[in-house]
Amino acid sequence: CDCKLYIPQAFTPDGNGKNEQFSIVSNCSDMRWELIVYNRWGEPIAQLNQENPFWNGQNKGQAVPPGVYQYSLRYHFPESQPVGYSFDKVHYGEIVLIR
């Protein structure tokens, strides 16, 4: 599979028009994925996927405080399994939100 995945480590939703949203980037347009962002208590605060690919640093319409947020990413590259299979890779990481 020639698919590559890039996951930013930080973003700055501070209203200056630069680096305002968090999202993953892949060179495979038909990759299926789901990413869940968690607060420090392990509560999900954002859910992203190919239909809703960006997080703007808010939870329920309110800006979340700056800090480190955990995420879990489940994804499936199209060449790795036939269509219809469940997600076949899981990645856990952290994203830094800077205001």
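This is a predicted model: local features need pLDDT of at least 70, side-chain atom pairs count only at pLDDT 80 or more; totals for chains, interfaces and linings use all residues.
1. **Pocket size and lining.** The largest pocket has a volume of about 180 Å³. Its lining consists of N39, R40, W41, I45, N59, V64, P65, P66, G67, V68 and Y69.

2. Nonpolar residues account for seven of the lining positions of the largest pocket.

3. **Main contributor.** Which strand gives the most to the lining of the largest pocket? Strand 8, residues 67-76, does, with three residues. G67, V68 and Y69 are among the lining residues, and they fall within the span of strand 8.

4. **Strand 4, burial.** Strand 4 spans residues 32-38 and is mostly covered. Five of its seven residues are buried.

5. **Strand 4 with strand 8.** These two strands pair in the antiparallel sense, over seven bridges. R32 has H76 of strand 8 as its bridge partner.

6. **Strand 4 with strand 5.** Strand 5 covers residues 44-49 and also pairs with strand 4 in the antiparallel sense, here over five bridges. Within this pairing, E34 stands opposite N49. I45, one of the pocket-lining residues, lies in the residue range of strand 5.

7. **The hairpin turn.** How many residues lie between the strands in the hairpin of strand 4 and strand 5? There are five. In this hairpin, G42 takes a positive phi near 85°. N39, R40 and W41 belong to the lining of the largest pocket.

Key:
Residues are numbered from 1 along each chain as its sequence is written. Side-chain values use heavy atoms; hydrogens and water are left out. On a 1 Å grid over the protein atoms alone, a cavity is a set of points where a 1.4 Å probe fits but cannot get out, and a pocket is an open set with protein on both sides within 12 Å along at least five of seven lines; lining residues have an atom within 4 Å of a point. Grid points are joined across faces, edges and corners, and a volume is the space filled by probe spheres set on the points. Helices (H or I, at least four residues) and strands (E, at least two) are DSSP runs, numbered from the N terminus. Ala, Val, Leu, Ile, Met, Phe, Trp, Tyr, Cys and Pro count as nonpolar, Asp, Glu, Lys and Arg as charged, and the others, Gly among them, as polar. Buried means under 20% relative accessible area, exposed over 50%, partly exposed in between (1.4 Å probe, protein chains only). Two strands pair if DSSP finds at least two bridges between them.
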